[in-house]
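Subject: Structure handover and findings

Dear colleague,

Please find below the structure that I promised to pass on, together with its sequence. My notes on what was found follow directly after it.

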Amino acid sequence: MKSTRWLWRTVGIAALLSTVLCAVGFAYGINQIIFPKPVAHDATETPQQPAAKPKTDNWEAKEQIRIVALGDSLSAGTGDLSGKGYVGGVRDKLEKQLGKPVFVYNNFAIPGYRTADVLRDWDRKSDIAKSLADADLVLLTIGGNDLFQGGSGIFGSGDGTNGTPGAEGTGDSTTGADPAKGQPPQGTETPKSTPGSPDQEAGAGFNPNAAAERIPDAMKRLEQIFDRVSKASPQARIFYVGLYHPFLDLDPEREGAPVIRQWNAAAFDLANRYPNITLVPTYDLFELNLSKYLYTDHFHPNQDGYDRIADRIVDILR
């Protein structure tokens, strides 16, 4: 009897333990299903890389912006009595927009300069390329004096007697000039009729052919300028300011419009070859309100005209 009782007691205890073990295992399985634990990676497994973050724009990351200007009287600000010109306007507007310091690091622009003069200065002054290498924004105006030469040959018969066709491409058109003292560049002839003057209004008329004939050679030099500036400032944003028609009100048949369009179209094609050069159109800014935005010399923008150019540049930068 005792042995039988001990046997049943042992079986009962074993059955109870089995039941408890099954209950614990069941509960553990349910818990893993409802609250699964993350699977540990093998030590040799390459951890999954997080999604790549969008590339930070270098422009926004910079603590300050450096502007370098190059070219002719437009970049020098001739005609703006405040002295800022469009370069100073871009500086002010960009600083307000970005909320960081913006400096005009260097301005190499000289009134009266043509494409040949910019190339000559580049070869003579090593600091131009050095400054461009440190620039974040390059502003360039050139070509207007190549085409118009201050009106020389534009108001006449177009036979070249009133212009200086032999002076272009020599690289000496401004040698010895002192723009600060108002001295005209050497090799630049004073036009026989000044735009808007009585002798011009009484006679010669507007002759766009004189400007059109100058485009091919000047455009070759502009290509050299683009190439040099782009290589010197590979990380900068380079803006070339296109031409407007300063004699539009003296050109009732708008014969000069195709010439300006030809220049700007050719300059755009050149700029399009370089990823960091942008052409800034300005023709439309002056077309309908020429007298409102030109200085009294009837060639350069006034303060309001320069302000419109600065607005256009900053709008493109946004």
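In what follows, a contact means heavy atoms within 4.5 Å of each other. With that in mind, I313 touches Y86, V90, L139, F239, V241 and V280, once residues up to four places away in sequence are left out.

Before going further, please note that this is a predicted model, in which local features need pLDDT of at least 70 and side-chain atom pairs count only at pLDDT 80 or more, while totals for chains, interfaces and linings use all residues. Residues are numbered from 1 along each chain as its sequence is written, and side-chain values use heavy atoms, with hydrogens and water left out.

Overall picture

The protein has 14 helices and five strands, where helices (H or I, at least four residues) and strands (E, at least two) are DSSP runs numbered from the N terminus. Of the 318 residues, 44% are buried, a word that stands for under 20% relative accessible area, with exposed meaning over 50% and partly exposed lying in between (1.4 Å probe, protein chains only). The protein exposes about 17,800 Å², of which carbon and sulfur atoms supply 55%; accessible areas come from the Shrake-Rupley method with a 1.4 Å probe, and for residues only the protein chains shown count as cover. Among the contacts with a separation of 6 or more, 78% are between residues 24 or more positions apart.

The strands

Strands are treated as paired if DSSP finds at least two bridges between them. Strand β3 (residues 137–141) runs parallel to β1, to which it is joined by five bridges, and A69 stands opposite L139 of β3. β3 also pairs with β4 in the parallel sense, over four bridges, and here L137 has R237 in β4 as its bridge partner. Five of the five residues of β3 are buried, and both of its faces are covered, with L137, L139 and T141 on one side and V138 and L140 on the other.

Strand β4 (residues 237–241) is in turn joined by four bridges to β5 (residues 277–280), again in parallel, and the partner of V241 in β5 is V280. Together with helix α11 (residues 257–271), β4 and β5 make a right-handed β-α-β unit, meaning that, with the strands pointing away from the viewer, the path from the first strand over the helix to the second runs clockwise.

Helix α5 (residues 115–124) is largely enclosed by the rest of the structure, because eight of its 10 residues are buried. These buried residues are T115, A116, D117, V118, L119, R120, D121 and W122, and what covers them includes β1 (65–71), α6 (126–133), α7 (144–148) and α10 (215–232).

Within α5, D121 is buried at a relative accessible area of 6%, and its side chain makes a polar contact of 2.8 Å with that of Y113; such a contact is a pair of N or O atoms within 3.5 Å, where within protein one must be able to donate a hydrogen and the other to accept it, and residues adjacent in sequence count only if both atoms are side-chain atoms. Leaving aside neighbours within four places in sequence, D121 is in contact with I110, Y113 and I128.

R221, in helix α10, is buried at 12% relative accessible area, and a polar contact of 2.8 Å joins its side chain to that of T115. A129, in helix α6, is partly exposed at 29% and, beyond neighbours within four places in sequence, is in contact with W122 and A232.

Two backbone angles to check

Most residues other than glycine have a negative phi. R254, however, has a positive phi of about 55° although it is not a glycine; R254 is found in the loop between β4 and α11 and is partly exposed, at 38%. H298 likewise has a positive phi, of about 65°; H298 sits in the loop between α13 (290–293) and α14 (303–317) and is buried, at 16%.

With best wishes
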